[in-house]
Amino acid sequence: QVQLVESGGGLVQPGGSLRLSCAASGSIWSINTMGWYRQAPGKERDLVAAITSAARTNYADSVKGRFTISRDNAKNTVYLQMNSLKPEDTAVYYCNIDINLNGGGRMNYWGKGTLVTVSS
């Protein structure tokens with residue numbers, strides 16, 4: 001089994017910063033792509049940023065230049081540094097991790113989500 005633990009959400013004023021973390025633990029052989037998605041009320045869940053095992057990154061156009069995704073392979077953790085936050089960034093943020101399991105097999109896991117609220 002694999003568990004994902006997210007942290008770092010909260011309330012921040014426009015222009016502020018937050019850093020999200022998502023740590024994976026359990027029966028992990030290796031980790032492929034790690035990503036962050038978000039879902040605002042009444043909207044679909046959309047990709048925010050992703051990083052491959054080779055550290056290639058891609059971002060949604062709406063966050064380019066403001067958000068940075070990174071990973072620490074030794075800690076099985078993915079981060080999302082969010083700067084210059086805007087009210088439209090308000091959403092529940094979910095991490096998503098593609099994992100090669102001990103003993104074989106490959107699974108995709110979602111975190112439970114962490115709420116980010118950008119408001120004055």
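Modeller: The largest nonpolar core has 31 residues. Inside this core, Trp36, Leu80, Met82, Tyr93 and Ile97 have the most contacts. A nonpolar core is a set of buried Ala, Val, Leu, Ile, Met, Phe, Trp, Tyr and Cys residues joined through side-chain atoms within 4.5 Å. Strand 1 (2-7), strand 3 (18-26), strand 4 and strand 5 each give two or more residues to the core. So do strand 7 (67-72), strand 8, strand 9 (91-101) and strand 11 (114-118). Strands are DSSP runs of E, at least two residues, numbered from the N terminus. Strand 9 gives the most to this core, with 6 residues.

This is a predicted model: local features need pLDDT of at least 70, side-chain atom pairs need 80 or more, and totals for chains, interfaces and linings use all residues. Residues are numbered from 1 along each chain as its sequence is written, and side-chain values use heavy atoms, without hydrogens or water.

Now take threonine 77. Threonine 77 counts as buried (under 20% relative accessible area; 1.4 Å probe, protein chains only) because its relative accessible area is 7%. Its side chain reaches the backbone oxygen of lysine 75 at 2.8 Å. What does threonine 77 contact, leaving aside its neighbours within four places in sequence? Cys22, Ala23 and Met34 are among its contacts, where contact means heavy atoms within 4.5 Å. Ser70, Arg71 and Asp72 are also in contact with threonine 77.

Note on methods:
Buried < 20%, exposed > 50% of the residue type's maximum accessible area, 1.4 Å probe, protein only. Polar contact = N/O pair within 3.5 Å; in protein donor to acceptor, adjacent residues only side chain to side chain. Helix = DSSP H or I, 4+ residues; strand = E, 2+ residues; numbered from the N terminus.
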